[in-house]
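Hello,

Here is the structure you asked to look through. My notes on it follow below the file.

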Amino acid sequence: MNRSIILAGTILFVCVASFAARPLGADDYATLEKGKSGFELGFDNNQNLAFSVKHAPLKDVELSAEYAIPNGTSFAFDQVVINAKVTLAEKSLAGLDYGLKVKYGNATKTIGLTGIATLQNKSFNVHGNVSCLPNVPLTFLVAGELETLEPIEPVGELSVAGADINGLVGLRYELSEGNTFDAAAIFPVAGAGISSQFIGFTSEF
């Protein structure tokens with residue numbers, strides 16, 4: 001697998017994040033409401049496609065499956081990534097909300113962990129993630145959402161993985177209740193950064 005396909009897969013999996021966080025790579029601590037399901041779709045400027053399906057069988061528990069299809073490749077079931085996310089505490093230590101996400105890579109048979117902390121305010125949210133994945137440097141993500149311009153919601157993010165630092169700027173637009181369009185651009189800040197532009201759609205039902 002060459003570097004371009006690896007980078008495309010990285011971008012797509014970053015962009016298919018938690019239901020509430022798209023187009024951010026940083027996860028939100030919250031899960032879907034019990035019994036609810038969700039669907040996400042992303043498409044980037046290199047014609048790579050990614051999608052995710054989610055369901056909350058229990059309160060504060062969300063299960064999901066995500067898949068990225070780099071341009072020119074075919075679907076391979078063993079590339080599906082399975083996730084389980086739980087809300088651990090709300091308004092707990094330092095007034096933050098906390099969650100934990102477990103990621104299972106079917107192809108590599110490996111497990112990754114992401115710790116999540118969120119600061120919620122009436123006008124903005126800030127999300128912090130620490131992700132530990134096999135054969136990948138410890139990754140830190142900090143993201144912000146501005147909630148004063150409804151139905152438009154500007155978002156931004158900074159991700160750090162070893163010496164590689166990437167930024168993201170974008171927005172969400174609420175088409176109707178439970179249905180959101182998003183657009184964003186990723187750009188390198190330092191190291192071997194990546195650059196991509198993408199659009200996406202999120203639906204909750």
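Setting aside neighbours up to four places away in sequence, Asn125 is in contact with Leu119, Gln120, Ala143, Gly144, Glu145 and Glu147. This residue belongs to strand S7, residues 124-132. Asn125 counts as buried, because its relative accessibility is 7% and the cut-off for buried is under 20%. Its side chain and that of Glu147 are joined by a polar contact of 2.9 Å. Please keep in mind that all of this comes from a predicted model.

Confidence

The protein chain has an average pLDDT of 87, and 90% of the residues score at least 70. Where is confidence lowest, and where is it highest? The lowest mean, 43, is in helix H1 (residues 3-15), and the highest, 96, is in strand S4 (residues 81-89). Over residues 1-20 the pLDDT stays under 50, and the model has 56 contacts beyond four places in sequence for that stretch.

The nonpolar core

Eleven residues make up the largest nonpolar core: Ala21, Leu24, Ala26, Leu141, Ala143, Val155, Leu168, Ala184, Ile186, Ile194 and Phe198. At least two residues of this core come from each of strand S8 (139-146) and strand S11 (179-190).

S2 and S3 run antiparallel and are joined by eight bridges. His55 stands opposite Leu63 in S3. The hairpin of S2 and S3 has two residues between the strands, and Asp60 in this hairpin has a positive phi near 65 degrees. S3 and S4 also run antiparallel, with six bridges joining them. Here Glu66 stands opposite Val81 in S4.

How many aromatic pairs does a search of the whole structure find? The search finds one. The pair is formed by Phe51 and Tyr67; it is tilted, with 6.0 Å from centre to centre and 40 degrees between the planes. Phe51 lies in strand S2 (residues 49-58) and Tyr67 in strand S3 (residues 61-69), so the pair ties together parts that are 16 residues apart in sequence. Phe51 is partly exposed, at a relative accessible area of 26%, whereas Tyr67 is buried, at 3%.

Ser52 is also found in strand S2. Is Ser52 buried or exposed? Ser52 is buried, with a relative accessible area of 0%. A polar atom of the Ser52 side chain lies 3.5 Å from the backbone oxygen of Ala65.

Backbone points to check

Most residues other than glycine have a negative phi, and most peptide bonds are trans. The following places depart from that pattern.

- Gln47 is not a glycine, yet has a positive phi of about 65 degrees. Gln47 is placed in the loop between strand S1 (37-44) and S2, and counts as exposed at 52% relative accessibility.
- Lys91 is not a glycine either, and has a positive phi of about 50 degrees. Lys91 lies in the loop between S4 and strand S5 (97-105), and its relative accessibility of 52% counts as exposed.
- Glu150 and Pro151 are joined by a cis peptide bond, with omega at about 10 degrees. Pro151 is placed in the loop between S8 and strand S9 (152-161).

Phe43

Phe43 is partly exposed, with a relative accessible area of 39%. Phe43 and Ala161 are 118 residues apart in sequence, and from C-alpha to C-alpha they are 24 Å apart in space.

Regards

Terms used. Residues numbered from 1 in each chain as written. Predicted model: local features only at pLDDT ≥ 70, side-chain atom pairs only at ≥ 80, totals over all residues. Heavy atoms only, no water. Phe/Tyr/Trp six-rings, centres within 6.5 Å; stacked < 30°, edge-to-face > 60°. Helix = DSSP H or I, 4+ residues; strand = E, 2+ residues; numbered from the N terminus. Buried < 20%, exposed > 50% of the residue type's maximum accessible area, 1.4 Å probe, protein only. Polar contact = N/O pair within 3.5 Å; in protein donor to acceptor, adjacent residues only side chain to side chain. pLDDT = per-residue confidence, 0-100. Contact = heavy atoms within 4.5 Å. Core = buried A, V, L, I, M, F, W, Y, C linked by side-chain atoms within 4.5 Å. Pairing = 2+ DSSP bridges.
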